[in-house]
Amino acid sequence: MAGLTPSVDKLLALIEHKQDDLVSLTQALVQIPTINPPGDNYADCIELLKSRLSTRGFQIEIIRAEGTPGDTDRYPRLNLIARREGSRPGPCVHFNSHIDVVPPGKGWNDDPFAAVVRDGKIYGRGTCDMKGGLAASIIAVEALLEWMPDFPGAIEISGTADEETGGYGGVAYLAEKGWMAAPRIDHVIIPEPLNKDRICLGHRGVWWSELETFGTVAHGSMPFLGDSAIRHMTAVLNEFETTLYPLLEQKVTSMPVVPDGAKQSTLNINSVHGGLEEGFSGLPAPMVADSCRLVLDRRFLIEEELIEVKSEVLEILESLTKARENFSYELRDLFEVIPSMTDRNAAVVQSVDHAISQIFGRAPEYVVSPGTYDQKHIDRIGKLENCIAYGPGILDLAHQANEYVGIADMVESAKVMALATHELLTGAQAK
Ligand SMILES: [Zn+2]
């Protein structure tokens, strides 16, 4: 670390000395299979974090998101917030990690919950997304507290539920209850796997809706006596292909979204179903479908308004209502998220920028996520715009088989987190 003064060298060396601790903490977290859905073993994971952080002077709050989707006595939606108060007033820096992981799926070379260490990497479900990031933030904060026991403000670390299923039993609930909201906290870093030298400023918007077209049942041998809802839906899809998709391709954002294909508006048809129920193995009955349903997944840009996004689809449906005999439809909103992008001049962005430059000797890359993560709740419900995602782990590995996190990447990102926290608390870069 040429050019750094001994004091910062000492902090960085402290983090390096904690590498074995960082690896074993990550392994311990991964070995608790917090699979969501359904939300397995949250209590065990929360207990691990509680015992770890309470012995290091953190006050622990465990908050169950009662009544949120999936919350039952068998699968309680449990969240932990650990807070260490400084010796004098100052800002609160908060690290938020989700503790849930997606199901492992097939194709693994090792037991996905064994947390096998090989070739400088830890393999397992949740290593990359995002228990490696959670462990790195804990080591970063512990090292910083040893190096700077007397500090202003407060540091918080949270382990939260259900990010993989929308965050309603996790960050959304905590933001509603004021735990994860202004003015209680000032700066939030979410150690999602965005790569160790990139700062993720936010995400695109989301509109999910279910479209249903209607018809009239009849015998399949005499379709002219009925009216096929599937043919009406085909007309909708045809309009999407000929007018909507070309329109979306022209909408390009100034947001630095990765990968490049997500720099434009996108539309996926998540599902389409019409006619007889699926899951029956015998021969189908000959029926004209009286209903056809489709789920739209539209991702939109900061330059677009949600009302305009919806009206593009509504215009197509209205013109079909005029053009096609007996065309009728219902459009039901399922889920919507407004795009979020933190200002590059926000202190949380600048401090991580400075820290990345200091550790890697080059400026960070700024990115925006194609999909959403818990920042949406902190921004919209918590009214806190000073939020970014920054963490080790390679974005593309998230949710894949043989997911891993690099040990050196975790150590380096812990250094970045420690330096950034120092700057946010004290207002000065550690030199
Ligand atoms: Zn994640």
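Modeller: Four strands form an open, antiparallel sheet in the order 10-11-9-12. Strands here are DSSP runs of E with at least two residues, helices are runs of H or I with at least four, and both are numbered from the N terminus; two strands pair if DSSP finds at least two bridges between them. In general, strands of a sheet pair through backbone hydrogen bonds, either parallel or antiparallel. Strand 10 (266–274) and strand 12 (329–337) are the edges, each pairing on one side only. On average, neighbouring strands of the sheet are turned by 15° against each other, direction ignored. The model is predicted: local features need pLDDT of at least 70, side-chain atom pairs count only at pLDDT 80 or more, and totals for chains, interfaces and linings use all residues. Residues are numbered from 1 along each chain as its sequence is written.

Strand 9 (residues 205–214) pairs with strand 12 in the antiparallel sense over eight bridges, and Leu211 stands opposite Leu331 in strand 12. Two helices accompany the sheet. Helix 6 (residues 229–249) lies across strand 9, strand 10 and strand 11 (291–300), and runs at about 175° to strand 10. Helix 7 (residues 306–323) packs on the sheet, touching strand 9, strand 11 and strand 12, with its direction at about 20° to that of strand 9. Such angles run from 0 to 180 degrees between N-to-C directions, with axes fitted to C-alpha atoms, for helices over the stretch in contact. Contact requires C-beta atoms, placed from the backbone, to lie within 7 Å.

As for the wider setting, an automatic or database domain assignment gives domain 1 (6–203 + 339–426) and domain 2 (205–336). Their centres, taken over C-alpha atoms, are 37 Å apart. Seven residues from domain 1 and 11 residues from domain 2 make up the contact. On the side of domain 1 that touches domain 2, the largest share, three residues, comes from strand 14 (residues 365–369).

The largest nonpolar core has 99 residues, and Ala140, Val352, Ile388 and Ala414 have the most contacts inside it. A second, separate core of seven residues includes Met233, Val236, Phe240 and Ala289.

Terms used:
A nonpolar core is a set of buried Ala, Val, Leu, Ile, Met, Phe, Trp, Tyr and Cys residues joined through C-beta atoms within 7 Å. A residue is buried if 20 or more other C-beta atoms lie within 10 Å of its own, exposed if 12 or fewer, and partly exposed in between; C-beta atoms are placed from the backbone.
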